[in-house]
Each structure stands twice: as C-alpha cells, then as structure tokens.
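Dear colleague,

I am handing over the structure below, and would be grateful if you could look through it alongside my notes. What I found follows directly after it.

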Amino acid sequence: MCSVIKGEVIEGKKLGRKLGFPTANIELEVTDSTPNGIYAVEVELDGIEYFGVANIGIRPTIKDSDVKLLEVYIFDLSKDIYGKELRVKLSVWLREERKFEDIDELQRQIAEDVESAKKYFKL
Ligand SMILES: Cc1cc2nc3c(=O)[nH]c(=O)nc-3n(C[C@H](O)[C@H](O)[C@H](O)COP(=O)(O)O)c2cc1C
C-alpha cells in the first residue's frame, strides 16, 4: 500500500485535544475511494517528514456528520497547522474504523494505534 493524499488542514471540533490526540483534519472528495480505516502514515509538512497515525472515515463514535475525513495525529508536533498543506502517505492499514461505547474506550484504542504505528516505523 502506498497511496498519497494531499490537502489543506481545516478546523475540526477540537475534541481531539481533549482526547489527548489533537488531529489535523482534511476533508476528502466524496469520490475519494480510499478505504476507511486507521493507517500508519508518513506526513510531509513544510518540507519536513513526520510520522503519525491517521483515521479515514466518518467517526461513528462522535456522530459528527457523513463527511468523509482524513484525520492525522502527527507524532512530536504541537504547533498550530490550520490552513497548511499536508501530504500524507498511507504506509500500512492497521484496523477498521469502529463505533465505541464511550470516549474513554476510543481514547484507549487510539493510544494502542499510536503504539502499533510506532512499532511499524521502529520509533
Ligand atoms: C488514530 C485514530 C483512530 C481513530 N479511530 C476512530 C474510530 O475507530 N472510531 C471513531 O469513531 N473515531 C475514531 N477516530 C476519530 C476521533 O473520533 C477524532 O479524532 C476525534 O473526534 C477528534 O475530532 P476533531 O479533530 O474534529 O476534534 C480516530 C482518530 C485517530 C487519530
């Protein structure tokens, strides 16, 4: 797998910050056929490469809307990147997007996803 998605970072609901995993959100075209799910990713921002973990889907736990989003939690990055262009390379598919019972369960799973991605990249 080696699909690359490019896009501009838009404002999310900022719940990610409360979850402890702030994400950069990119709205995908309705016609985008990338399979939903959680991926280990490599991200290029301002010419610098980062690693991270991404979710492509509609976030059934939050019941936000039916808009398909790419959300990336970038490791070791704390600055505000709204409006910036991101290039996201999907390195490996980790799991399906799921509806969790509560936010705590989602938070625990995202922490596991981060560990899986770090293991994959040998970080
Ligand atoms: C690695 C990762 C995995 C995620 N997995 C799921 C999931 O399985 N189900 C789900 O409903 N949302 C999932 N999410 C999305 C979170 O619900 C989302 O990041 C949170 O609502 C924050 O959204 P915001 O940026 O709009 O504030 C995932 C997010 C990340 C970064």
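The radius of gyration is taken here over C-alpha atoms, and the rule for a globule is 2.2 Å times the number of residues to the power 0.38. With 123 residues, a compact globule would therefore have a radius of gyration near 14 Å, and the 13 Å of the chain agrees with that. Along the principal axes, the C-alpha atoms fill a box of roughly 40 × 30 × 30 Å.

Please bear in mind that this is a predicted model, in which local features need a pLDDT of at least 70 and side-chain atom pairs count only at pLDDT 80 or more, while totals for chains, interfaces and linings use all residues. Residues are numbered from 1 along each chain as its sequence is written. The average pLDDT (the predictor's confidence in each residue, from 0 to 100) is 91 for the chain, and 98% of the residues score at least 70.

The chain has two helices and six strands, in the order β-α-β-β-β-β-β-α from the N terminus; these are DSSP runs numbered from the N terminus, with helices being H or I of at least four residues and strands E of at least two.

Turning to the interior, 22% of the 123 residues count as buried, that is, with 20 or more other C-beta atoms within 10 Å of their own, against 12 or fewer for exposed and partly exposed in between, the C-beta atoms being placed from the backbone.

As for the ligand, 23 residues surround it, the closest being Gly12, Leu15, Gly16, Asn55 and Thr61, where a residue is near if its C-beta atom, placed from the backbone, lies within 6 Å. α1 (15–19), β4, β5 and α2 (103–120) each supply at least two residues of this shell.

Gly12 itself sits in the loop between β1 (3–8) and α1, and is partly exposed, with 18 other C-beta atoms within 10 Å. Gly12 and Pro22, 10 residues apart in sequence, are 9.4 Å apart in space, C-alpha to C-alpha.
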